[in-house]
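Grab a pencil and have the model open in your viewer.

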Amino acid sequence: MTVVAGALPLSLRDRWQAIRNRLLASPRFQHWAAAFPLTRPIARREATALFDLCAGFVYAQTLSACVSLDLFERLAKRPVAIATIAAEADMPGEAALRLIRAAAALRLLETDGTTARLGPLGAALRGNPGIAAMVRHHALLYRDLADPVALLRGESDASLAAFWPYDAASEDRAGTYSALMAASQPMIAAEILAAYDFRRHRRLLDLGGGDGSFLAALAPAAPLLDLTLFDVPTVAELARRKLAAAGLAGRSRVCGGDMRRDPLPRDADIITLIRVLHDHDDDQAMAILRNARAALERGATLLIAEPMAGTKGALSMGDAYFGLYLFAMGSGRPRRPAELFAMLSAAGFTAARRHATNQPMLASVITARAA
Ligand SMILES: CC(C)=CCC/C(C)=C/CC/C(C)=C/C=C/C(C)=C/C=C/C=C(C)/C=C/C=C(C)/C=C/C=C(C)/C=C/CC(C)(C)O
Ligand SMILES: C[S@@+](CC[C@H](N)C(=O)[O-])C[C@H]1O[C@@H](n2cnc3c(N)ncnc32)[C@H](O)[C@@H]1O
């Protein structure tokens, strides 16, 4: 190791990285790598990756315009002339063509310059209505991120924080965020139900269960399971109505309160925390885990399902997307499975393990047993 005054000591790895980074920053090396046949594909891929980072906001706004104009639903029925889209969207034909060509370049649509058709990514988006709901919701996030450094310094007020008023959820506010969660819950529930068999349990308590969308999705997959939901009182009221409307009133029970400190129903043999822990800073997350542990008999199960940091194949989803999303929200962070294992152990759980999900970008699943 070399010690430089005022700087951290340099390891072998640091020195190798310094050489690599000098090379990558050199216009001569970049030019050579792009021209040499063996390195050309890598040079193009890396240049495109960097360009995509520069242009990400433009891509996202192209998608946002398509969602606002409901183009995916419109084009799912049949191809439509671009002139018709322009008239319906109240914009000049040239502008509509510009948007449709942009969306076609992003594989959201397809076009021959006169007619617009649904593209493969637009078709996939239709399969999960929660994605369009998130795209609409991103207007808030991107407003907060307009000056990211000011946000990180705490110099700007984030509107996202007001969108999630967990501690003071009026009926109106709770209804808005619960509707967003309900729209995206089917794709999450599909991942969890494919990863874990709930039929081995008798009574499930869904902590922070929202408006009951997860329980409604779970009910047919585990017909003998008794269902309990716990959420803040305003959301619990929404869940009561939703579960009754789904014909589950006889099979379910709903409780309102604060999952960090209020006593929880004690008769469950499995507690689920779905998209809940990552919302909370470490002390609050530990309070939730300890409260859950206190409600379980020894040997009972805790299941955590949420997007996790450090997820292979979905790294940008964790520390980049949810890292900044939750920062703007004002609490919580995406955690690595190893961090969750340590927290689970400190809260009195044992035998923590991961269960593979098909789309880890959407959710990873961990279970543990009450020790
Ligand atoms: C047969 C042919 C034509 C081809 C064969 C090739 C082939 C196999 C193609 C695959 C086709 C296919 C099955 C595609 C499937 C695509 C899927 C499943 C795409 C899913 C995309 C999901 C996305 C983009 C999800 C986005 C989710 C977001 C942005 C979630 C945000 C969540 C937030 C903000 C949550 C907030 C809650 C809080 C506060 C953090 O607790
Ligand atoms: C991100 S939502 C997830 C909802 C649902 N589990 C889902 O995946 O769709 C987090 C939920 O936790 C609830 N919540 C937040 N803080 C809470 C607290 N202290 N006590 C009870 N519920 C809480 C919220 O009201 C909200 O319904």
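## Exercise 1: the two ligand shells

Solution. A residue belongs to the shell if its C-beta atom, placed from the backbone, lies within 6 Å of the ligand.

A word on ground rules: this is a predicted model, where local features need pLDDT of at least 70, side-chain atom pairs count only at pLDDT 80 or more, and totals for chains, interfaces and linings use all residues. Residues are numbered from 1 along each chain as its sequence is written, while chains are lettered from A and ligands numbered from 1 in the order in which they are written.

Helices (H or I, at least four residues) and strands (E, at least two) are DSSP runs, numbered from the N terminus.

Now do ligand 2: which residues come nearest to it?

Solution. Out of 21 residues around ligand 2, the nearest are M181, G208, G210, M259 and R275. By class, that shell has ten nonpolar, six polar and five charged residues. Helix 11 gives the largest share, four residues.

## Exercise 2: strand 8

Work out why strand 8 (residues 301-306) counts as largely enclosed.

Solution. Start with burial: six of its six residues are buried, so strand 8 is largely enclosed by the rest of the structure. (Buried means 20 or more other C-beta atoms within 10 Å of a residue's own, with C-beta atoms placed from the backbone.) Then check the faces: T301, L303 and A305 are buried on one side, L302, I304 and E306 on the other.

Finally, look at the partners. Strand 7 (residues 270-274) pairs with strand 8 in the parallel sense over five bridges, where pairing takes at least two DSSP bridges. Strand 10 (residues 364-370) pairs with strand 8 in the antiparallel sense, over six bridges.

## Exercise 3: follow A305

Find what A305 touches beyond its neighbours within four places in sequence.

Solution. First, A305 stands opposite V365 in strand 10. Then list the contacts (C-beta atoms, placed from the backbone, within 7 Å): I188, I192, I274, A363 and V365.

Methods. Contact = placed C-beta atoms within 7 Å. Nonpolar A, V, L, I, M, F, W, Y, C, P; charged D, E, K, R; others polar. Buried ≥ 20, exposed ≤ 12 C-beta atoms within 10 Å, placed from the backbone.
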